[in-house]
Structures are given as C-alpha cells and as structure tokens.
Amino acid sequence: MNAFGQLRHFDRRQALSGLGRGLLGLGALGATGASLSGCTSSQGSDRSGQKKDTRSITVGSKGFAESWITGELYAQGLRNLGYTVDLKTNVGSSDIISAALLSGQIDLYPEYTGVMLVSFMGEDRLMDSAEETYELAKTWAEDNRVTMLNATPFENKNAVAVRKEFADEHDLKTVSDLKGIGDFTYSTYPDNVTGAQGYEGIVDSYGLENMKLKTLSIGLNYQAIERGEIEAADVFTTDPQLLRSDLVVLDDDKKLFGFQNVVPLIRDDAFAELDDDASHFLNELQSLLTLEAIQAMNEASAINRLDPAQVAKMFLDDNGLM
C-alpha cells in the first residue's frame, strides 16, 4: 500500500476533536505577540521529564502561517522524542529553502508535491492524480539524495476566487468563464507570476488576455478583493478566510493547479542519523493533517493571532503525540 492508500484509513475527525477544545481554552489568551522569525532549539525530554541522549536536526519552514505551523509540529514532536532541534522559520521561497536543504543549512522541511514538480523538475504536463504527483516528486527526491516521507491527506493548491456579487453578475462558475467578461484585475504573490501554475500559466492555459496583474504579498489579497481594488484573487484552498467570506472559488476546469499534498523532505545523510522513532512520528503526524485540521490551525494562527508554536503544541497534545 502506498503513502496515499495508508492515509485514507484514518478518521478525518480525529485530528479536530482535541484541537477544537484547545482553541476554546486558548481563545481567552488573545495574541501572544511572539516573533515568528529566527530559530529556536531545546534539549529533548521524555514524558517522565528525564533528559535523553539527543541527536541534532535543523528544521526549516517558509514564510507563511501554514508552513510555520507545520515546521513547529515537526520540531516540537522531534524534541519530545529526545532530539535537539534547531528551528529556522522564514527561510524563503521553495527555491531558496530547497537549496538550503541540499546544501546542508537545514535538514528537514515541509514541501508541496505539486510545487516540487513545477519548481524543481520543470514539469508542465498535468498529472492525473495525487498518487501520480507523489511518485514523480519522489523521483526528484531520490535523484537529489533526499528522503520523502508520507503525504498529508490535505492538499493546499492555488485557486482563483472572486466576490459572490461579481460571480453572480457575470455568471461565473469556472476559470474559463472569466474569458468573456472584459478586462479585470487579478492578484497573486510575487513568486507566482511566472511558471505553469502562475499568472502567466493561467493566462496561457485559459486564454485570459483580459486578466491584468497586481502583485501582493500573501494574505493581502483578501483585503484587496474585499475593498474592490481587484476583481479576482489567487487564494490557497486551505485559507481559513474562505470559511468566513463571501468569496466564490471558481472551478479549475482545466485542472491547471494539479495536486499539492505536503511531504516531509529530509536529506539522506540527516535521515540516516535519525532513529526509527523519528520517521514513525512524522508519518503518524502526516496522517492526521486533514483539510479540517489544517484549516482550524491556520485560523487559530492567521486570524485569531495565536503563536504557531502554541497551535502546534495544542494539536500534538490533543492527538497524543507529546
């Protein structure tokens, strides 16, 4: 059974049951104001509080809440197993953080399978399934002496969203429907202008010569579209804002955005230094990261302004991983 087959056997409600109770308890605390950048490290201990012999590993994450949370989940869980973990957040884009991995500046980080195909392999053909995407991404990992563990049940892919009023006015249901509405402005983040799944790829694949571009940092697109500064926005399907807005996500009828499940990438030499408990923990954690779970954690961090470290600890505690 492959990584995806194993994941389907887990109860999708399991990961949420404890997190919901934890969020109720933490809600009264408000924002922590803690910095999300820099790096931290600590000596691991077991549940009895006794110090363990440790091995060192450096975990990295990118510059947005979902990656911060996932990096914290990896780091805190590994510390609990007795590893000394150096956590580096805001390392950079996929190209930058993968270069840091391959050069030994970090040992482990979470990556999206579809990103690996497009950004690392230059793959522009559309995949038929998440499984096919995973297997092709794994060839890149093997070629670069990187170990790729199991994928999450959730995927976080790009999507095109418009206000409901705008969708109703132009009878928009799919991205292809945007072709006949005249000029409009679409926003995406600076790293997503070029490439098969970026702004230029959408224009080419869907024939949207009428789609003008405005680049905005991740997260600012929601404010811009709500204020009417843009008509369409690049969103991520795990964004918690989608649960509380009147935005309509248009169907990607050409399947341009592919499949984007998350996998831990560990350089082979670093993986060889880990005991089996590390890979067992990471694979068990991955199996619990459903769409509902990651949206709840994203909401706690990005909207309720809780520190990603707090959110990760709650999740690990409530799911018996700490």
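Student: Which residues have the most contacts inside the largest nonpolar core?

Tutor: In this predicted model, the largest nonpolar core has 35 residues. Within that core, the residues with the most contacts are L73, L78, L108, L285, M297 and F315.

Student: Which helices and strands each supply at least two residues of this core?

Tutor: Among the strands that each supply at least two core residues are strand 2 (56-60), strand 3 (84-89), strand 4 (108-112) and strand 11 (262-267).

Student: Is F281 buried or exposed?

Tutor: F281 has its place in helix 11. Its relative accessibility is 6%. Since buried means under 20% relative accessible area, F281 counts as buried.

Student: What distance separates the C-alpha atoms of F281 and L81?

Tutor: The two residues are 200 residues apart along the chain.

Student: How many salt bridges does the count come to?

Tutor: The criterion is a side-chain nitrogen of Lys or Arg within 4 Å of a carboxyl oxygen of Asp or Glu. By this rule, the number of salt bridges is 14.

Student: How far apart are the closest N and O atoms of D107 and R267?

Tutor: D107 and R267 form a salt bridge, and both residues are buried. The closest N and O atoms of the pair are separated by 2.7 Å.

Student: Why does the pair of D107 and R267 tie together parts that are apart in sequence, and how many residues lie between those parts?

Tutor: D107 belongs to the loop between helix 4 (94-103) and strand 4, whereas R267 belongs to strand 11. The pair therefore ties together parts whose distance in sequence is 160 residues.

Student: Which residue is linked with D107 and R267 in a network of salt bridges?

Tutor: D107 forms a salt bridge with R267. The network of salt bridges that links these two residues also includes D269.

Student: Are K173 and D171 buried or exposed?

Tutor: K173 forms a salt bridge with D171, with the closest N and O atoms 2.8 Å apart. As for their accessibility, both K173 and D171 are exposed.

Student: Where in the chain are the two residues of the E229 and K214 pair?

Tutor: E229 forms a salt bridge with K214, the closest N and O atoms being 3.9 Å apart. The pair links distant parts of the chain, 15 residues apart. E229 is in the loop between helix 9 (220-226) and strand 9 (232-236), and K214 is in strand 8 (residues 211-215).

Student: What does E229 count as at 38% relative accessibility?

Tutor: Buried means under 20% relative accessible area and exposed means over 50%, with partly exposed in between. At 38%, E229 therefore counts as partly exposed.

Student: Which helix gives the most to the negative patch?

Tutor: The negative surface patch is formed by E135, E142, D143 and D268. E142, which counts as exposed at 51% relative accessibility, has its place in helix 6. With three residues, the element that gives the most to the patch is helix 6 (residues 130-143).

Student: What is the phi of R145?

Tutor: R145 is found in the loop between helix 6 and strand 5 (146-148), and R145 is exposed, with a relative accessible area of 65%. Most residues other than glycine have a negative phi. R145 is not a glycine, yet its phi is positive, at about 60 degrees.

Student: What is the phi of R305?

Tutor: R305 lies in the loop between helix 12 and helix 13, and R305 is exposed, with a relative accessible area of 53%. Although R305 is not a glycine, its phi is positive, at about 65 degrees.

Student: What distance separates the C-alpha atoms of V146 and I266?

Tutor: V146 is found in strand 5 and is buried, with a relative accessible area of 3%. V146 and I266 are 120 residues apart along the chain. Their C-alpha atoms are separated by 5.6 Å.

Student: What distance separates the C-alpha atoms of I202 and F257?

Tutor: I202 has its place in helix 8 (residues 199-206) and counts as buried at 1% relative accessibility. I202 and F257 are 55 residues apart along the chain. The separation of their C-alpha atoms is 9.2 Å.

Methods
Residues are numbered from 1 along each chain as its sequence is written. This is a predicted model: local features need pLDDT of at least 70, side-chain atom pairs count only at pLDDT 80 or more; totals for chains, interfaces and linings use all residues. Side-chain values use heavy atoms; hydrogens and water are left out. Patches are made of residues with over 30% relative accessible area and no salt bridge: like charges are joined within 9 Å, nonpolar side chains (Val, Leu, Ile, Met, Phe, Trp, Tyr) within 5 Å. Accessible areas come from the Shrake-Rupley method with a 1.4 Å probe; for residues, only the protein chains shown count as cover. Lys and Arg count as positive and Asp and Glu as negative; His and the chain ends are not counted. The place of a charge is taken as NZ of Lys, CZ of Arg, CG of Asp or CD of Glu. Helices (H or I, at least four residues) and strands (E, at least two) are DSSP runs, numbered from the N terminus. Buried means under 20% relative accessible area, exposed over 50%, partly exposed in between (1.4 Å probe, protein chains only). A nonpolar core is a set of buried Ala, Val, Leu, Ile, Met, Phe, Trp, Tyr and Cys residues joined through side-chain atoms within 4.5 Å.
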